Amino acid sequence: MILVLLFMLPFVGGFLCWQTERFGRGLPRWVALGTMVVVLGMTLYLWATGDYSVTLLGPEHHWVHEYQLAWIPRFGISFHLALDGLSLILVGLTGLLGIMAVACSWREVQRHVGFFHLNLLWNLGGVIGVFMAMDLFLFFFFWEMMLVPMYFLIALWGHNAPGGKGRVYAATKFFIFTQASGLLMLLAIIGLVFVHYQATRVITFDYPVLLHTPMGPQAEWWLMLGFFVAFAVKLPVVPLHSWLPDAHSQAPTAGSVDLAGVLLKTAAYGLLRFSLPLFPHASAQFAPVAMWLGVLGIVYGAVLAFAQNDIKRLVAYTSISHMGFVLVGIYAGTDQAMQGAVINMLAHGISAGGLFILCGEVYERLHTRDLREMGGLWSRFPFLPPIVLFFAAASLGLPGLGNFVGEFLVLLGTFRAHPLIALCSASGLVLAAAYSLIMMQRAFYGPPKGDEPLEDMNYRELATMMSLMAILLLLGIYPQPVLDVARAPVQAVQELYQSATGLLSQAGAP
Amino acid sequence: MNGIALLPLLPILITSATIVVAMLAVAFRRHHWWNATVVAIGLNLALLASAWLLLPEFLVRFLPQFAGAAGAPVIPRAETPLLVVDAYSAFYMSLVLATALATATLSYAYMEGHKGNREEVYLLLALSALGGLVMACSRHFASFFVGLELLSLPLYGMIGYLVKERRSLEAAMKYLVLSAAASAFILFGMALVYAQTGSLLFTEIGERAGGFAGPDHSMLLVGGALILVGIAFKLSLAPFHLWTPDVYEGAPAPVVAYLSTASKTAVFAVLLRYFVEAKAYRYGGLLDVMTVLAVLSIVLGNVLALMQDNIKRLLGYSSIAHFGYILAAFIAAGPLAVEAVGVYLLTYVVTNLAAFGVVTLMSSPYGEHDADALWDYRGLFWRRPNLSAILTVALLSLAGIPMTAGFIGKFYVFAAGVDKRLWVLMGAVAFGSAIGLFYYLRAMAQLYLRAPWVRKYSAPLDWAQGAGGVMLLALMILMLVLGVFPSPFIAIVQASGLAGQ
């Protein structure tokens, strides 16, 4: 029952935000903040009270928390929510970044405050649904449902960045990319269900039942591809990434935080939860392609980040680069690499979220996001530049911060299985150092463009930043609690996948 | 034939009586409200009667605990040589009648601003609805054709109802000529089928056609193809779709709401029954032709809608694409396909009524000219939030986004297609939906943009315009309920499956 509560909260909260606007402009913000704090609090409570050491994909399916209710019996669709360690971490991340998103739009959003928070919270509610849905129909339902509020966030409260094509264009592009690939996934889902039906005469969309569906290699290959394309667009994997920089550069700060911090993670989650366990053999076959795509993303994102003048676009391209590590880690097939991918998801969510919030704060003060018009800002703010430096360092993978742990584990795990790919991926770390430092150099050092001191961060902004920094630091120094929670589900996926990879290499051997 | 046997025919009888009463009422006294109410009451009674036909089947499937209380689940069924009333026809009759009622409500809001005679539109509407009912029940070429003509002829009058408006007249002429040509095709096709099989009854055609093989059934096939051409005209499937955007643009908005929903639904119902009962599914060639039609409709409809600045034309092209999707489900064949077609038509009708309903309510106060430019809708959300919320949900539903009715329909199409491995068609549906998003979102974004010259105030006009607004709100709720809790509606559609599957 607690899962239903957790999932309903943002929807109810969002509705309240919309309705309370008539009593005062500030009220929706407090309602939204309260809602997300409760969501985070509930996640922490679940973490503290649950035992997350059990495996899901073992002989008997076991979830830590579960809720199931028949929904559309005609197709064996049920309202099936469940939680294990992996879901828990990501729901927690959603709660945390939700709070940050509400906090960072405190001053930025002044138009239609209630409707804004309605969209923000409904989007977050959809994401939480994605992380907990264990029915493929329900998963797809949430997967698409979170797009509409995001569309509105970008289209209505976005910026018309100079040189860009406008926020409606960016929002539409985002929507079409994800929806079109989502339709392929829907086809694959239905295909999987019918394959299962033909094998067992049971029509169901329930994830635990569909696992271990017997199917021919060709069917498995095509169905896997349907899932992969949808996740690849959202992750994003490089040839399909072009919506991301546009969406980020036009989105409001809260939208960017949401997009980079949470929405991209749904794709990685989908790969781990659905693509690999449902189609282990096809995924194992596909792994080299996926990993090289990841390497391509790492290098491409990093190289393009150099060329950006818009600071938000720069951060957007670094996201592509970081998600490349996640992709490599997921498909590498070793335990460490997958654990690393999970840590990386978490750390990137926080560090990219933090950077986007900082970009928003710089924009609020300078009214430009163009790096060419910045320069010498260090002398004009007391607090903001060092904080940016902290997050830039996190992003370049400085040891002691969360991203380092994730990337290191990914590289270590990948090296055992695919040394060449690990080698190429490692170049991403060098490039990350270069673009992060160049960003710092261009924005904060050099001769100042003006003399008058700029308004510094207020307590609200400092508090959000400090908490994000503390979490990143904690994640970097002592990641064990997170690793423990995620171990059971990740290990189960890895074992399933490993056995498929083993079969593949046996078949390949003469 | 005794009285009990007539009971299943009640919807048709009541509608016929309504037409007579309405005609007398207009003759007796011209009064907009009173004449409209007479027709509305009659159609409501007919709707109740047809829903009652469906009730036992529905209860057995959805609420078995109540099925006993409602009496033994006897399916009321009547068979005359021309008509058959079973659960299938009861479902489509209800759909047609509900649509006609919605159209009447919209027309009432719309016609208030009209300066000429306003009362005959309800008469024409009831006549056309009667044609739809006959088609939903027809099992014979004669009743098929009579129903089709009864459906189409009043539509000419309705499309050209605003006689002083050039576009309206032009649309009526276009529709008249093309529709008559299509009817001629259908008639010729029927004659050829009759020449080969010697029967006009669907089931008998199916039985007798089984005896022919090889080149022997060429006449049958040509006949079938000609009928298909005519029906493709009526359903505005590409490449027979050319009339659609012009007629949609010129006709009064409530009439378009009717034209795009009830008339197509009725034609589709009879097409499906014909294919199942006459066993036309066994002709692979016919299905190949239909596949081409479906793919063409999906691609052309969506591509041509991309750059439309007129919302009526946009919805017209979108309806071409949607009938491509329904045809894709239709081609899949089998019980799941019948169900998919039913569900899709239901969701499509609800959605399209809501969309055109908003256009109607936007247009009516302006008299003779419809508010059909996308520009008219710019910033509507900040002036009439309820109306734009309805249009938003309708557009999302047309785009097939979850939580709305359209998604359930699309899901069904995919399910039916994947079941039969129609990959080309399914690819076309996915591709079409993806490009379709562009123009639905484009229209939707207009609602929320702030037009520089629009001050933020509530429009002086009552957005609801009474019954029309209430009905649209109900449609919006229905769209959301269909999208979130589709089970009862699926049960209704399942209850109305075709016998002999």
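Modeller: Buried means under 20% relative accessible area, exposed means over 50%, and partly exposed lies in between, with a 1.4 Å probe and protein chains only. This is a predicted model, in which local features need pLDDT of at least 70, side-chain atom pairs count only at pLDDT 80 or more, and totals for chains, interfaces and linings use all residues. Residues are numbered from 1 along each chain, chains are lettered from A, and side-chain values use heavy atoms, without hydrogens and water.

Colleague: What makes the contact of R365(A) with E461(A) a salt bridge?

Modeller: A salt bridge needs a side-chain nitrogen of Lys or Arg within 4 Å of a carboxyl oxygen of Asp or Glu. For R365(A) and E461(A) the N to O distance is 2.7 Å, so the pair meets that definition. Side chains of opposite charge can pair when their charged atoms come close.

Colleague: Which parts does this pair tie together?

Modeller: R365(A) lies in helix α14 (residues 335–366) of chain A and E461(A) in helix α18 of chain A, so the pair links parts 96 residues apart in sequence. Helices are DSSP runs of H or I with at least four residues, strands are runs of E with at least two, and both are numbered from the N terminus. R365(A) has 10% relative accessibility and therefore counts as buried.

Colleague: What does E461(A) form with R107(A)?

Modeller: A salt bridge, with the closest N and O atoms 3.9 Å apart. R107(A) is in the loop between α3 (85–104) and α4 (113–132) of chain A, so its pair with E461(A) ties together parts 354 residues apart in sequence. R107(A), at 31%, is partly exposed.

Colleague: Where does the pair of E339(B) and R74(A) sit?

Modeller: Their side chains meet in a salt bridge at 2.6 Å, N to O. The pair crosses between chains, from helix α15 (residues 335–363) of chain B to the loop between β1 (65–72) and β2 (77–83) of chain A. E339(B) counts as buried at 7%, and R74(A) as partly exposed at 24%.
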